[in-house]
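Please read it alongside the sequence and the model.

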Amino acid sequence: MLENTGGAGWQVSPSPAPSTEKHHPCLDNSPNMTEKTGGEAGEVVHDYGGLECYVTGSRRSGRAIILVSDYYGFRAPKLRQIADKVADSGYYVVVPDLLYGDPYTDDPARPFWVWIMAHSPDEAAEKTKPLIAALKKEGMSSVGIGGYCWGGKVAVELSKTEETQAVKRPIEILGGERDTITPPLVVHQFEHALDQNNRVDHFVKIFPKAPHAFACRYNASDPFAVKTAEEARADMVQWFDGYLKQPGEFQLQ
């Protein structure tokens, strides 16, 4: 998992290019969409910058974080639980439905490689811009963007735009030791590239024994998995805390 923090801080978990293979590794450990996580503190807004969104936290905080889902969409219970917990740290958190009601569902009649062709991260990034504009219009002085797997690619694309100016923004990368999609070798290649640019603050961390999607699709009955996911969330919040305090800043994580 790559959690990239750019913009003035962001978290990204990129995924590989579409494949025609029978099983895509990104689909391991799919979320339980009916899982009970103790209730939701937020609500669904049906038109926020043109998107349906789960929102949680206080607008009065003046600091917003957009969390972009993986292939399974903005309704995933653990993702919303993460959003609620991040909001408890003093942020207004928005989880947009950038899959437009069409998350991946393991439907054999529509294999992954067919489904992914309808969901370009580049297009999703473009559709996120009006949401950023809406947050700014509502008085948010700082906006951070975090993404998981497919959502990480969306965040990366946003980091290339005027809205986030990522080439000048800090980046955080949180990787899993057992991630076969973005293995430690690839994460360290990102790190090496960032080391060459002294203008960009960055932080890189590899979590021992952690698989792909360890931060948002963990087994809630596994104490080690829960602890690892909580540590990743704490790292994300700490990164945002360090970079989302300046008015007008955009952070990616």
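A residue is called buried when its relative accessible area is under 20%, exposed when over 50% and partly exposed in between, using a 1.4 Å probe and protein chains only. The model is predicted, so local features need pLDDT of at least 70 and side-chain atom pairs count only at pLDDT 80 or more, while totals for chains, interfaces and linings use all residues. Residues are numbered from 1 along each chain as its sequence is written, and side-chain values use heavy atoms, with hydrogens and water left out.

**Cysteines**

- A disulfide is defined as a pair of cysteine sulfur atoms within 2.5 Å, and the count by this rule is 0.
- Cys-26 is in no disulfide, and its nearest cysteine sulfur, that of Cys-149, is 3.4 Å away.
- Cys-26 is buried at 0% relative accessibility.
- Cys-149 likewise takes part in no disulfide, and it is buried with a relative accessible area of 3%.

**Nonpolar cores**

- A nonpolar core is a set of buried Ala, Val, Leu, Ile, Met, Phe, Trp, Tyr and Cys residues joined through side-chain atoms within 4.5 Å.
- The largest such core has 34 residues, and those with the most contacts inside it are Tyr-48, Tyr-71, Leu-135 and Trp-150.
- At least two residues of this core come from each of strand S3 (51-56), strand S4 (63-68), strand S5 (92-96), H2, helix H3 (121-137), strand S6 (142-147) and helix H4 (150-159); helices (H or I, at least four residues) and strands (E, at least two) are DSSP runs numbered from the N terminus.
- H3 supplies the largest share of this core, 6 residues.
- A second, separate core has 25 residues, including Phe-74, Val-93, Met-236 and Phe-240.

**Aromatic pairs**

- Rings of Phe, Tyr and Trp (its six-membered ring) pair if their centres lie within 6.5 Å; planes under 30 degrees apart count as stacked, over 60 as edge-to-face and the rest as tilted.
- The count by this rule comes to 10 aromatic pairs.
- Phe-112 and Trp-115 form a stacked pair, with 6.1 Å between centres and 25° between the planes.
- Phe-112 and Trp-115 are 3 residues apart in helix H2 (residues 112-116), and are therefore separated by about one helical turn.
- Both partners are buried, Phe-112 with a relative accessible area of 6% and Trp-115 with 1%.
- One aromatic cluster is formed by Tyr-71, Tyr-72, Tyr-104, Phe-112 and Trp-115.

- Helix H1 (residues 77-87) is mostly covered, with 10 of its 11 residues buried.
- Among the buried residues of H1 are Lys-78 and Arg-80.
- The elements covering the buried residues of H1 include strand S2 (43-48), S3, S4, S5 and helix H6 (223-243), where contact means heavy atoms within 4.5 Å.
- A charge sits over a ring if NZ of Lys or CZ of Arg is within 6 Å of the ring centre and within 35 degrees of the ring normal.
- Lys-78 lies over the face of Tyr-218, 5.0 Å from the ring centre.
- The charged end of Arg-80 sits over the ring of Phe-74, at 4.8 Å from its centre.

- Tyr-100, in the loop between S5 and H2, has a positive phi near 50° although the residue is not glycine.
- Tyr-100 is partly exposed, with a relative accessible area of 45%.
- Asp-106 also lies in the loop between S5 and H2, and its phi is positive at about 60°.
- Asp-106 is partly exposed, with a relative accessible area of 40%.
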